[in-house]
Amino acid sequence: MRIVILTHSEDRHYFFCNQIIEKTGDVVGVFTGAKSVNKSRFEDIKKTIEKRETITYVKNKFLNLVFKKDGDRFKVEKKQAEIKFFSGATQHFYENHKNLCVGTVSAKHRSINVQHYVSLIADLKPDIIVVMGTCLIGKAIMSSAKHVVNIHTGLSPYYRGGRTNLWPFIENEYGRFGVTIHLMSQGIDSGNIIFTDRPSVFEDDDYATINCKCILLGTDLMVQAIKLIEKGEMKSIEQWTKGKLFLNRDWNSQIANKYFQIRGVFLKEYCRLNENNALPKAKLIKNGLEV
């Protein structure tokens, strides 16, 4: 099997690459920077107006200013956790696997979905494309391989979109942290599910450490999914509910403020429920079957 990886450019993404490369031995190409969509300021403003999101845009700008300290604190928490879990992954990649890096999305070729990258991917003749932390993948790329598989750091179908291991704090829903390995579709994190799982959570955790644990867990599940595909034994299941979808416009620094207010109490109650086997049930999937 020939595997191509599409991902972004932080340590967590290079950790994912390193693991897939070293545990499968089948990777023929890696594309980084794939979260970026290099639009001009004018294009962003035009898109906001066309989608009638001007009020939301202005509101979020205002709240980001008012709650700037909380937004900055949230970024620091995330950065510190990723240093703890994934530090050195970028260096390891470029010292050991640089030859596999086929392209990095830049302003010259503004998105992984432009014909330049679509052609490079097709030239590699992949059997499997694995995806982590990119922008939405277009039809041209999805038709370039028989299997296109995404790691979503959230528990689908319950939570889809962005920062989906944060929103259970805000929505006060226990038992909804997790990670999903699913087939790509035109929807957001809505494709057929191969695996889902939940990480171990403790009182001294936070959103950032939980999310990092989900990346570790999900990377192992992605390796399992690849091996099942290679054996012709991979199964998947349609998502049984739409769940909750969170987009970038749903986030602002006031959300960070609320998170910091409730984090300690939430995690304490989560652990109490877990110890008493009383966490709300979640349908978990292993190779397309409920477990």
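**Overall build and the setting of Asn-60**

The accessible surface of the protein chain comes to about 14600 Å². Carbon and sulfur atoms hold 50% of that surface. These values come from a predicted model.

The protein chain contains 10 helices and 11 strands. Its radius of gyration is 19 Å, close to the 19 Å that the globule rule gives for 291 residues, so the chain is as compact as a globular protein of that length. The C-alpha trace spans about 50 × 50 × 40 Å along its principal axes. Of the 291 residues, 49% are buried. Contacts were also examined by separation in sequence. Among contacts with a separation of 6 or more, 76% join residues 24 or more positions apart.

Charge was considered next. The protein chain carries 43 positive side chains and 31 negative ones. The centres of these two sets lie 5 Å apart.

One residue was examined in detail. Asn-60 sits in helix α3, which covers residues 54-66. The relative accessibility of Asn-60 is 9%. Buried means under 20%, so Asn-60 counts as buried. Leaving aside residues up to four places away in sequence, Asn-60 touches Arg-249, Trp-251 and Asn-252. With Arg-249 there is also a polar approach: a polar atom of the Asn-60 side chain lies 2.9 Å from the backbone oxygen of Arg-249. Asn-60 of helix α3 is thus a buried residue with Arg-249, Trp-251 and Asn-252 in contact.

Definitions and conventions: Residues numbered from 1 in each chain as written. Predicted model: local features only at pLDDT ≥ 70, side-chain atom pairs only at ≥ 80, totals over all residues. Heavy atoms only, no water. Helix = DSSP H or I, 4+ residues; strand = E, 2+ residues; numbered from the N terminus. Rg over C-alpha atoms; globule rule 2.2 N^0.38 Å. Buried < 20%, exposed > 50% of the residue type's maximum accessible area, 1.4 Å probe, protein only. Contact = heavy atoms within 4.5 Å. Areas by Shrake-Rupley, 256 points an atom, 1.4 Å probe, with all protein chains shown as cover. Lys, Arg positive; Asp, Glu negative; His and termini not counted. Charge placed at Lys NZ, Arg CZ, Asp CG, Glu CD. Polar contact = N/O pair within 3.5 Å; in protein donor to acceptor, adjacent residues only side chain to side chain.
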